[in-house]
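The following paragraphs lead the reader through one structure, from a pair of helices to a pocket and then to the annotated regions. Please keep the sequence and the model at hand while reading.

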Amino acid sequence: MKNETIVWAIVTAVIIYLVWLVAKPVISPIILALAIAYVTYPLHKRISPKLGQKKAAFLLTTVLAVLSFLFLLGFVLWINDVKYQIIRYMEISFTWLQSVTVSSEKINEVLTAITEGVRSRIESYIVSYTYSIPKLALEIFVMLFVYYGTLVNAEDIGKELYHLLPPQRKEFGIRLIEAARYTLDTLLKSWLTLSILKGSATALGFWAFGIAPPSGAIALGILTAFVELLPFLGGWLIWIPGVVYLIHSSHYALAFLFAAYSIVFISPIPDFVLAPRMTLRRRGLNALVSLLGIFGGLWAFGLVGIIVGPVSLGLLATVIEEWKKTMES
């Protein structure tokens with residue numbers, strides 16, 4: 001009996017390893033598809049009674065396919081320019097920070113190291129796709145396929161997930177699922193959604209008011225989305241320099257209009273109007289968890305690390321709480 005158990009354990013380990021090798025190249029689009037499905041599932045559930053479950057899923061998948069095609073087109077046209085613009089803007093920001101900090105060699109060394117680290121990370125990450133557009137197209141196809149399947153089978157997936165929990169530790173398994181759901185709700189349905197909306201408004205504003213070319217506007221929109229993820233900071237760090245630039249260029253009317261546009265659509269009015277409607281944002285994520293999870297995950301896993309990092313830390317916190325209860329009992 002013991003030998004049989006060992007054999008089956010080895011066979012299972014080999015199968016899991018082979019499955020991991022197969023799934024590894026497309027794990028990022030799968031995670032992204034699951035995240036988008038999680039965010040849009042309430043909309044799918046709302047329109048399903050009118051269109052039917054499959055037709056509603058097909059409609060949302062079609063919309064996502066169009067957006068993905070536009071993203072791929074923009075990626076091909078502007079990726080190199082956007083990459084250099086992001087690096088340029090970050091270098092300007094860090095240079096300014098170095099000029100206003102107390103004359104400390106250690107602080108300047110840290111800022112320089114961060115600048116070089118971010119630059120190399122962005123370049124390596126983007127270059128990996130720059131010369132592999134077919135790979136990106138394949139990942140988009142996988143994302144759409146998984147997204148449609150997840151929406152259609154969402155209820156069955158949820159039931160099966162709870163069914164797989166071991167009876168002896170079912171309560172603990174449910175707490176892990178609830179912890180993951182809480183983090184995903186806080187992160188995806190409020191924090192990231194609002195950040196992406198602000199980033200899009202930033203890109204549109206900088207382009208429409210003639211402050212930056214399309215590639216530069218996209219780069220500033222991306223930076224705004226990331227700045228919004230940081231505790232105590234916001235999109236005002238990005239749009240205020242745009243107003244200053246217009247004033248220095250003697251475009252006072254445009255500067256006033258752009259400032260009004262930014263206040264309404266970027267920061268701070270959306271924080272008072274949209275954020276309260278996204279009720280989970282008020283509970284928020286711990287500042288340390290957000291920093292470690294988002295940027296640690298980004299560094300380790302790429303863009304999907306923004307999702308994987310915080311969820312992993314949330315699950316870890318639940319495991320630690322369970323372990324403390326076990327030790328106390």
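**A pair of helices and their surroundings**

In this predicted model, helix α9 (residues 236-248) and helix α10 (residues 252-265) have axes that come within 8 Å and cross at roughly 170°. Two packed helices are described by the angle between their axes and the distance between the axes. An angle over 145 degrees counts as roughly antiparallel, and α9 and α10 are therefore roughly antiparallel to each other.

Which residues of α9 and α10 meet? From α9 come W239, G242, V243, L246 and I247, and they meet Y252, L254, A255, F258, A259, S262 and I263 of α10. By residue class, the contact of α9 with α10 comprises 10 nonpolar residues, two polar ones and no charged ones.

The loops beside these helices hold two further features. Between α9 and α10 lies a loop that contains S250. The phi angle of S250 is near 65°, a positive value in a residue other than glycine. The loop between α10 and α11 (269-277) contains P268. S267 and P268 are joined by a cis peptide bond, with omega at about 15°.

In terms of residue class, the lining of the second largest pocket divides into 23 nonpolar, two polar and five charged residues.

Finally, the model may be read beside a database record. An unreviewed UniProt entry lists residues 26-44, 56-79, 217-240, 252-275 and 287-320 under "transmembrane region".

Note on methods:
Residues numbered from 1 in each chain as written. Predicted model: local features only at pLDDT ≥ 70, side-chain atom pairs only at ≥ 80, totals over all residues. Heavy atoms only, no water. Axes fitted to C-alpha atoms, helices over the stretch in contact; angles between N-to-C directions. Helix = DSSP H or I, 4+ residues; strand = E, 2+ residues; numbered from the N terminus. Parallel < 35°, antiparallel > 145°, perpendicular 65-115°, else oblique. Contact = heavy atoms within 4.5 Å. Nonpolar A, V, L, I, M, F, W, Y, C, P; charged D, E, K, R; others polar. UniProt positions renumbered as here; feature names shortened; annotations may be inferred.
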